[in-house]
Amino acid sequence: MYEIRLHSRGGQGGVTAAKLIALASFRDGKYATAAPFYGAERRGAPIISFIRIDDKPIKVYSQIHNPDLIVVLDPSILDLVNVFEGLKPDGKVLINAPDIPKKAEGYQVQHVDLTGIALKTNLVVAGSPILNTPVIGALAKMGLFSRESAAAAIKEMFSDERNLKAALMAYEELV
Amino acid sequence: MTLSIKLSLFIIAYKRVQIVMSGTSASEYIWKCTSACAGCSSSLILRHVLKAAGPDTVLVVPACCTSVLQGVWPNTSFNIPVYNVAFAAAAAVASGMAAAFESMGKNTNVIAYAGDGGTVDIGIQALSGALERGTNFLYICYDNEAYGNTGMQRSGSTPLGARTTTTPGGKTHVKKDLDRIIAAHHLPYMATACSAYPQDLVKKVEKALSIKGPKFMHILAPCPPGWRYDASQTIEVGKMAVKTGIWAMYEREYDSLTLSGPTKAAMIKPAPLEDYLKMQGRFSSITEDTIRVIRGEIERNLRHLKAEAEGTC
Amino acid sequence: MLTVSTGNNAVAAAVRQANPAVVAAYPITPQTEIVEQIANYVTNGSLKSKYIPVESEHSAMAACIGASITGVRTFTATSSHGLLYMHEMVNWAAGARLPIVMANVNRALGPGWNVWAEHTDALQARDTGWLQVYVSTVQEAYDATLMAFRIAEDRRVYLPVMINLDGFALSHISQQLEESPAGDFIPPLVLDHAIQTDAPAGYGCMTSSADYFRIRYDIERSMRDSVQVIKETEEAFAQTFGRKYSWTEEYRCEDADVLILAMGTLGKEAEVAVDILRNEGVKAGSMRVRWIRPFPELNLGNRELVVIDRNYSFGFGGILATSIRAKTGKECYNVIAGLGGQEVTYHDIAGFVRDRRIGEEFWFGVDA
C-alpha cells in the first residue's frame, strides 16, 4: 500500500486534489481511498488529506502516520506545520515551489511551480490559482499513475480545458 | 520636526498606542486568535458588541459560526463567559439565565448571539416565546444570509436569487421579513445595524442594554466565503447594502420608528441595486426579472419605513 | 457505472435511483453533502423529487411523515443533534407505520461540540421501532440505501429504515463505487393505509388503554417479520447485482478462537488487525455487525469476544457488548473506543485482542 499525505490550505482545492489522485489511481486499475482531515474548516487554514493506493481493497480508515510521499501545495505551510513528520526513510516529497525551500533540504524533494503554471494557463478562480489539477500532472511524472489515467481523471471531473493544459505543463516542468 | 515632537512620536510608536474608534471603549474582549475567516463580519460585530456591553456580560451562543470562532478546548479566544448551547435553544436558555440572574439580584447582561439560521428558522419558536414573556435580555442575530457553519446552505434569511449549496439555481423564495415578525411583539427596543457601521452599532447596543425587557438587534454580516467576494471587501459590501436600501437601518421603541442616518441618505438617493449585486459571486446568475422583483421590494419596504417614521401608518 | 465517490455522495446517488417523491431535510455537519447533492439533482432535473428545505430536523421528519402517509416514497438525512431534535417524530414515524428511509451520518453529541464519528446518536433511537443498519464502505452505503427502500416498503414491514455511516470517516472519504441502476429492484410503493379521500379514516387518534398495547405489539410483530424480509432482500440483491450482504460481515471467523465485533468503519479496519494477529499465531476473526435492529442471531460459537463499542450507555455499558450479553449470556472484553472520532488504528485493535480480559470494560485512552 502506498500512502500519501497532502498538505494545503482551505480553499486551495487540496480535498479535490486527493479525490483526483484516487480517481487517477482507480483508472489505472488500482484501489484507492482519499480522506480529508478536517480541523476547523475555514479558508486559509492548513488542512491535510490522506490518500492510499493499493492493488487490493483498502480497509484502513485511520490517519496516515508514515507516508511514502508528502505533497505540499502551499509552501508557506512549511512555516506552520512540520509536514515531514513520520515520512518514511526512503519517502519522497513534492512541493509547489520554483525552488527547493530551505526547510525541505535533506529530504528527497521534487518540485514544480504549480502556482506559476496556474497563472500562466489562466487557471484562476475568484483570485486563487487552481493547484489541484496541475499537481496531478506532476504526480503522473513521478510515476504514481499513468499519464493517460491522470488525463482521464482530470477530464472526468473538470470540463474546462485549462485544467488538462496545466497538468501537462506540470508533467513537463517537474524537477 | 522639533526634538520634542520626534521624541513624542518615538514614545507613541514604542508604546504602540492603540488607535481607538471614537465612541467605543478601548477594552478588547475578542482576542486576536479566533478561528474566524479573513473578512468575517461576526467577529467584527461581536468585538464591538462586547465593547459596548462591558465585562458584566454572558453570551449565549447556539450552533453557528461563532461556536467555532471561539476555538478548540481547552482554549477560548473570547474573554467573556460564553455558554454554548444547542441550535434551537438560544432564546430559551437565555430566558432561564436571565430569570436566574434576576433571582440573584444581579444586573449581568444576558446576550444571545446567534446566526440567521438559528434565529429565523430553527430558533424562531424559542425567540418568539422569550420576547412574548418579556424576558430581560438582548437577542442579537448576525445575518450572513445562509447556514455558514455547515457550509453555506440556504436559510429563511437567504435573499431571493442568491445561490447557496442547496439553492444552486438561486433561491426562489424571498428573504423572511424577520424584523416585522419581531416588531409584532411590540418590544421596548429593536434595531437593525450592519457590520460596516460599527459606531452606529455600538450606540444601538448601548441603548438596548440601558433598557429593561426584551431587546432585539438584527445585524447584516457580509460573509466572504458565503457571498463570494474577496475577504478585503467586507466593509465595502456592507456599505453598499445600506446605500442601495436593500438593508435598512433603523430603531423601533415600541411602535415608534427612527431611521438611521445612512438609510435616510439611501432613501433620498439610493445607489443602483446592481452595484451591490455585482460585488458578490452568489448573485452571478441572477436574472433581470429577479432584480426587478427585488428592486420593487426595496422600494416598497423603504416606503413603509418612511411612513412609519413619519407616523402616517 | 464505475466511479469514485464519497460516502455521502453515494447515498445521494442511491436516493436518485430510488426516486422519492418528497425529500425534506435540514443541514448538519457531516450530512450536508447528501442534501446538497440531492438539491443539485433536483435543480439539474435528474431527480424529480420535491425538495423541501425545512427549518429544523423536527420539521424534516414531520414533513416526511405528512408526505409518506399519502402513499409516496420519502427520504431524509441527518446526524447527531439533528437526529436527537427529531426524536419525537422519529418515534412517530415508526408508530405511524411509515416506510420512511433516512441516512444518519453518525456523529458525537455535545457539549462540547464534536463533529466526528460516534454511534451513540443512532443507538439512542434503538427503541423506536426503526430498523437500523451500519455500513463500512462507500459501496455498502449505496447498496444499503437501495435495499432500505425495498425493505421498508414491504407489506410485512411498513417500518422506517435508518442507514448509518460514520461521520467523516466514511461520509467524506472517496472510494470505488459501482453506481448500479436500480432497475426494478425497488418495486413501486403501495401503502395500504395511505390517506384516501374516498375512503375517509382518522389517523393516530385517541386510543384507550384497552387497545393501545395491541398497536405496539403490531410494531414488534412486523419487526420480527422484517428478519425474513431483510434476508430475502439481501439475497435478491446478491442475485441481481452480485454483491452479498448479511447480518454481519465475517472475516476469517471459521477457525477463529477470538472474535472482534464492531460496527461501521472500525469493523472494517479490524480485518487488518486480524491479519496482523494471524501472523503472530493468534487465531483472530472479525465479525462486523451490520444490523442492530432487528438485533440479529450472531454466530458466536465458543469463541472469546472482543467487542469494540463506539458508543456508550451511561450507568450501563457499551451498547453492542451489553446487547450481546443480554441476548446470548456471553461475556466479552468491552472496549470503549472511537468516541468523538478518537483515532483507533488497526495496531490499537490488535492490541485490544492481545490484552483482552474477558468480563472487563476498557476505556481506550483512559484505562491503562
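This report walks through the fold of chain C in a predicted model.

## Ground rules

Residues are numbered from 1 along each chain as its sequence is written, while chains are lettered from A and ligands numbered from 1 in the order in which they are written. Because the model is predicted, local features need pLDDT of at least 70 and side-chain atom pairs count only at pLDDT 80 or more, whereas totals for chains, interfaces and linings use all residues.

## Overall build

Chain C contains 11 helices and 15 strands (DSSP runs numbered from the N terminus: H or I of at least four residues for helices, E of at least two for strands). Its C-alpha trace spans about 70 × 55 × 45 Å along the principal axes.

Of the 368 residues in chain C, 57% are buried, with 20 or more other C-beta atoms, placed from the backbone, within 10 Å of their own.

## The open sheet

Here is the sheet to look for: 7 strands of chain C line up as β3-β2-β4-β5-β7-β6-β12, open and with mixed pairing (a pair needs at least two DSSP bridges). The edges are β3 (50–52) and β12 (291–293) of chain C; each has a single partner strand, so one side of each lacks a neighbour in the sheet.

Inside the sheet, β6 (residues 131–134) and β7 (residues 161–166) of chain C run parallel, joined over 4 bridges. Leu131(C) sits opposite Val161(C) in β7(C).

Definitions and conventions: Buried ≥ 20, exposed ≤ 12 C-beta atoms within 10 Å, placed from the backbone.
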